[in-house]
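Hello,

Here is the structure we talked about, ready for you to open. My notes on it follow below.

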Amino acid sequence: MPDFHHARIDWDERGLPLSREFDDVYFSPDSGIDETRHVFLAGNDLAEAFAALPQQSQFCIGETGFGTGLNFLCAWQLFERTAPAGTRLHFVSVEKFPLARPDLERALALWPDLAPFTQQLLEQYIAIHPGFQRLVFDSGRVVLTLMVGDAQDCLPELDARIDAWFLDGFAPAKNPEMWNTELIAQLARLSHPGTTLATFTSAGFVRRALNDAGFRIKRVPGFGKKWEMSKGVFEGEATLQASPWYARPRYQPALREALVIGAGLAGCASAASLAARGWQVTLLERHEAIAQEASGNPQGVLYLKLSAHGTPLSRLIVSGFGHTRRLLQRLELGVDWQGCGVLQLAFDGQEAKRQAKLADAFPHQLLHSLDRQQAEDLAGVALPAGGLYYPEAGWVHPPALCRLLAAHPNIRLRPHCEALELHREDGLWCAYANGQRLAIAPVVVLAGAAEVLRFPQTVDLQLKRIRGQISCLPATPLSAGLRTVLCAEGYVAPPRCGEHTLGASFDFHSDDLEPTVAEHQGNLRLLEEISPDLTSRLQAERLDPATLQGRAAFRCTSPDYLPIVGPLADSAAFAKTYAVLSKDARQVPDITAPWLDGLYINSGHGSRGLITAPLSGELLAAWLDDEPLPVPRSVAEACHPNRFSLRQLIRRQKA
C-alpha cells in the first residue's frame, strides 16, 4: 500500500491543525465545533431525526472525510442527548490519510465539551490500518466504521443504507477528487428516498452534480464568514443492489430472540454482537462451560498470515485484526493477553522473498522487516534469522476473550446441551437432542465448527477438520527473557502463568483428541528450528515428552480458507432457482434466493479464529439487522455460504 500514510499536519499559531497534503484547514478557524453543529447536525435536522427514532431502530450517517473525528463526536453527543433508549447510531466515514494518534489527541483537546466522547475514541484508536475498521462504543449502541483509503475505492465497496450524509472533504478547489461525479453517484447508490445531505460548500458544480444524482439541493445560510452552504434530500430511487444470491434476506422476526449453537469463539462472538443489539440470546454448549475445544488453548497468537495481492482473505485479516486488537483492551494485560508483538522468522530464502513483498505491500505500522540482529535484540533470544515483525500483535488467552464476549446480560448460557437435530416448526427453529427439545427461537446461528455439518440444512457447505496439538513448557529464569511471540513452522509464546505455549501440530487424519507423545516430540523439533538458544534456555533436552502437559483440538477450515459467515439458503431450491447459471454464468436471474428464514452460520475460521471470528460476529449481526456491513462487500461475498452452491452450478457449465 504505497499510498498509505498518516495525515501530515502543521499547526498554526492558535494550535489549529492544517493539512499539508491539501493546504487546507480541518475546520473553521472561527469555531470548528460550532461549524459542525450548524452545517452537519442542523443541516441534516438530526436533533429532530434522532428524537423521532422508534424503539430498536437505528440511524446511519455517512461521511466523506473523517479528519479529526469532530463531526462524529458531535453527532454522537447529540445522539446521546436526544435519541430514545434502545436506538443505535451507525457512523460510516472514509479517510485516506487518518491522523496519527498523537495528532488526533492534540486536535480534539481543543474541544473540552467533547472530552467524555473523545476519551473513548482515543482508547479505541488502535490498529487503524487500510481497509474497513470497526470501532464499537457505549456497549454497542454507537458504532463507527472507518474506511481507511481513497473514497473512490472504498465507497463502491460499502454495503449500507445511509440516512444522512456529511460531505466534509477538503474544499473542492483543494481536493477536487472528493467531489467528482463518480463519487456523488456512489452517494446516490447508498441513499434511499428521504436521505438528507449537508455540506459547507455551495460551489455550483457540486450542487449541479448532486441534483443530477437525485438530490434536491438548496442553498442556505452558511457558518461564520461563509455566506452559503448546501443541504438537500434524496428524491431518486434506491439502487443498492447485489446479485440475488448475495442480497440481504428480508425476513425480520417479530421477536428478537436467537439461538446460538456452539460456545467457542465464533459462537460467543455471534452471541455478543446480537446481544449488543438488544437480541435475547440462548447459547447452547455441549460441554460444561464455554471455550472447551479449539478456543480453550492457554495461549493463541494474533498471527496475520497475509498476501501481498489484496485478496479477500488478506483484507478480512487486516480488518479483523484491528477489531480483535481493540476488544483486547478490555482484558487483563499480562494474564489474558499481551501486546508483545509477533515475529515471523524468515526461515529460508523463499520465505524471505515472500516477506519482502509483504513489507512493500503493507504499512510499516502493521508490519516491517528486521534483520537478524534487530530481531534478536527485540526477542531477547538468539535466532537463526531475521523476519517480519507485527508490533501491535501478541498472544491472547482465548477462554478469557470468550468469557468477555459471553458476559452480556442478554446472553443465557445452556451448558451440557448438544443440539443433534434442527427443525422448523410453526415459523420457529427448534433444537433437539434424542427426541428432547432443547431450545426454540426464530433465529439460529450455527457456530459449532465442523459439527454444523450434522444438520441437513448445511449439506452443500464444505468444511474439514484438522487436528492440532500444543505443548505447555515450564518457563525457566532464562526462557522468561523471551519478549515476543516467535513463529516459523510452529510458534512459541512468552510465558503466561509460568508456562510457554508451543505448537501446533497439523494432522488431517486423526479423530483422537488425546495428546500424543509423538506430537509433543514434533513440537519440540519445531522449537529447535525456531531458536536453538530458547530450546537450551528451556532445558528442552531434559524434558520427557511423555510427561509434558498439552491439549489437542480440531481446527475447522473451508477449502478456500475463508470463514463461512452469513445466511443459509435451501441448497436444492438454490440449484433449481439458478439453474441457468450452469448454462451461462453471466446470467443473473432477478429472483430472490430461497433463504432458510432465520438460519445463519459462523464457522470455518481455521487457525485464524482470534482474528476473524469476532469481526464475523459483527458481520453476521449486520446481515440480521440490515446494518452497514463491517467489511467490503466483496469480502462479505467471499465469506458467504452461498459461494459453494454458486461454484457447483458454474462448474456444471464448464463440465
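Let me start with a question: is Q539 buried, partly exposed or exposed? Q539 counts as partly exposed, since its relative accessibility is 36%. Please keep in mind that this is a predicted model.

Q539 also has a backbone feature to look at: its phi is positive, about 55°, although the residue is not a glycine. You will find Q539 in the loop that runs between α15 (532-537) and β29 (549-557).

A449 is another non-glycine residue with a positive phi, here about 50°. Its loop lies between β24 (443-446) and β25 (464-474). With a relative accessible area of 32%, A449 is partly exposed.

One more backbone detail concerns the peptide bond from G503 to A504, which is cis, with omega near -10°. A504 sits in the loop between β28 (499-503) and α14 (517-530).

Now for the overall picture. The protein has 19 helices and 31 strands. Its radius of gyration is 26 Å, close to the 26 Å that the globule rule gives for 655 residues, so the protein is as compact as a globular protein of that length. Of the 655 residues, 60% are buried. Among contacts between residues at least 6 apart in sequence, 75% join residues at least 24 apart.

Inside, which residues of the largest nonpolar core touch the most other members? They are F50, I61, F72, L121 and L187, in a core of 79 residues. Helix α3 (residues 70-82) supplies the largest share of this core, with eight residues.

Leaving aside neighbours within four places in sequence, L187 is in contact with T64, L155, W165, L167, L197, L210 and F215. Apart from this core lies another one, of 78 residues, including I126, L274, L405 and I411.

Enjoy looking around, and write back with any questions.

Best wishes

Technical notes
Residues are numbered from 1 along each chain as its sequence is written. This is a predicted model: local features need pLDDT of at least 70, side-chain atom pairs count only at pLDDT 80 or more; totals for chains, interfaces and linings use all residues. Side-chain values use heavy atoms; hydrogens and water are left out. Helices (H or I, at least four residues) and strands (E, at least two) are DSSP runs, numbered from the N terminus. The radius of gyration is taken over C-alpha atoms; the globule rule is 2.2 Å times the number of residues to the power 0.38. Buried means under 20% relative accessible area, exposed over 50%, partly exposed in between (1.4 Å probe, protein chains only). Contact means heavy atoms within 4.5 Å. A nonpolar core is a set of buried Ala, Val, Leu, Ile, Met, Phe, Trp, Tyr and Cys residues joined through side-chain atoms within 4.5 Å.
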